[in-house]
Amino acid sequence: MYTDEYFMQLALKEAANAFEADEIPIGAIVVQNNKVLARGYNMTEKLTDTTAHAEIIAITAAFNRVGSKYLPDATLYVTVEPCVMCAGALYWAKLSRVVWGAADEKNGFSRVQPAVSPFHPKTQITTGIMAAECAALMKEFFKKKRK
């Protein structure tokens with residue numbers, strides 16, 4: 001029952017919350033021992049804060065919940081490839097895994113350093129989980145914006 005797809009569906013629900021709030025629809029969850037520790041979605045418009053990305057909101061909530069500045073036993077699921085800022089924050093969080101759905105060729109960290117991983121050396125990376133569904137929500141959002 002607790003597969004990467006299961007948890008990515010939960011992250012997609014967070015992305016849908018962002019979509020409904022007229023935010024770029026990226027959602028994230030932090031999971032430890034098959035339990036969701038924290039959730040987040042982009043809130044840059046609502047908070048007027050360019051750092052209020054889904055990943056940052058989710059890991060900050062997880063830090064607060066576990067009372068630590070590191071999450072070595074946790075996995076972050078995020079619907080879109082992290083940007084450079086979020087990749088740096090995820091490095092310092094020392095997560096055991098980072099899993100994302102859709103690649104982000106325009107703003108993802110890999111556009112800056114495609115051959116070098118910005119994540120902690122112990123962090124395992126999994127990509128492409130429900131990529132089509134994650135990308136479709138982004139495409140729908142920007143299509144709606146262009147009308």
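Visitor: Which residue is the bridge partner of Val31 in strand 3?
Guide: This is a predicted model. Strand 1 covers residues 27-32 and strand 3 covers residues 74-80. The two run antiparallel, joined by 5 bridges. In strand 3, Val31 has as its bridge partner Thr75.

Visitor: Is Thr75 buried or exposed?
Guide: Thr75 sits in strand 3. Its contacts beyond four places in sequence include Ile29, Val30 and Val31. Leu95, Ser96, Arg97 and Val99 also touch Thr75. The cut-off for buried is under 20% relative accessible area. Thr75 has 10% relative accessibility, so Thr75 counts as buried.

Visitor: In what order do the strands of the open sheet lie?
Guide: The open sheet has 5 strands with mixed pairing. Strand 2 (35-41) and strand 5 (124-127) are the edge strands, each pairing on one side only. From one strand to the next, the twist averages 15 degrees. The strand order is 2-1-3-4-5.

Visitor: Which residue in strand 2 is the bridge partner of Ile29?
Guide: Strand 1 and strand 2 pair over 6 bridges. Their sense is antiparallel. In strand 2, the partner of Ile29 is Arg39.

Visitor: Which residue takes a positive phi in the hairpin of strand 1 and strand 2?
Guide: The hairpin has 2 residues between the strands. A positive phi near 55 degrees occurs there, and the residue that takes it is Asn33.

Visitor: What angle does the direction of helix 2 make with that of strand 2?
Guide: Strand 2 is an edge strand of the sheet. Helix 2 (residues 54-66) packs on that sheet. Helix 2 touches strand 1, strand 2 and strand 3. Its direction and that of strand 2 make an angle of about 140 degrees.

Visitor: Why is helix 2 described as roughly parallel to helix 3?
Guide: Helix 3 covers residues 84-93, and its axis and that of helix 2 are 10 Å apart. Roughly parallel applies to angles under 35 degrees. Helix 2 is therefore roughly parallel to helix 3, as they pack at an angle of about 20 degrees.

Visitor: How many nonpolar residues does the contact of helix 2 with helix 3 have?
Guide: Helix 2 passes helix 3 in a left-handed crossing. Helix 2 brings Glu55, Ile56, Ile59 and Phe63 to the contact. Helix 3 brings Met85, Cys86, Ala89, Leu90 and Ala93. By class, the contact has no polar residues and 1 charged, and the nonpolar count is 8.

Visitor: At what angle do helix 1 and helix 4 pack?
Guide: Helix 1 covers residues 4-20 and helix 4 covers residues 131-146. Their axes are 10 Å apart. The two helices are roughly parallel to each other, with a packing angle of about 5 degrees.

Visitor: How many charged residues are in the contact of helix 1 with helix 4?
Guide: From helix 1 come Met8, Leu12, Ala15, Ala16 and Phe19. They meet Glu133, Cys134, Leu137, Glu140, Phe141 and Lys144 in helix 4. The contact has 8 nonpolar and no polar residues, and the charged count is 3.

Visitor: What is the relative accessible area of Phe141?
Guide: Phe141 is found in helix 4. Beyond four places in sequence, Phe141 touches Phe19, Asp22, Glu23, Ile24 and Pro25. Phe141 is buried, and its relative accessible area is 2%.

Key. Residues numbered from 1 in each chain as written. Predicted model: local features only at pLDDT ≥ 70, side-chain atom pairs only at ≥ 80, totals over all residues. Heavy atoms only, no water. Axes fitted to C-alpha atoms, helices over the stretch in contact; angles between N-to-C directions. Helix = DSSP H or I, 4+ residues; strand = E, 2+ residues; numbered from the N terminus. Parallel < 35°, antiparallel > 145°, perpendicular 65-115°, else oblique. Contact = heavy atoms within 4.5 Å. Nonpolar A, V, L, I, M, F, W, Y, C, P; charged D, E, K, R; others polar. Pairing = 2+ DSSP bridges. Left-handed = near helix turned anticlockwise from the far one by under 90°. Buried < 20%, exposed > 50% of the residue type's maximum accessible area, 1.4 Å probe, protein only.
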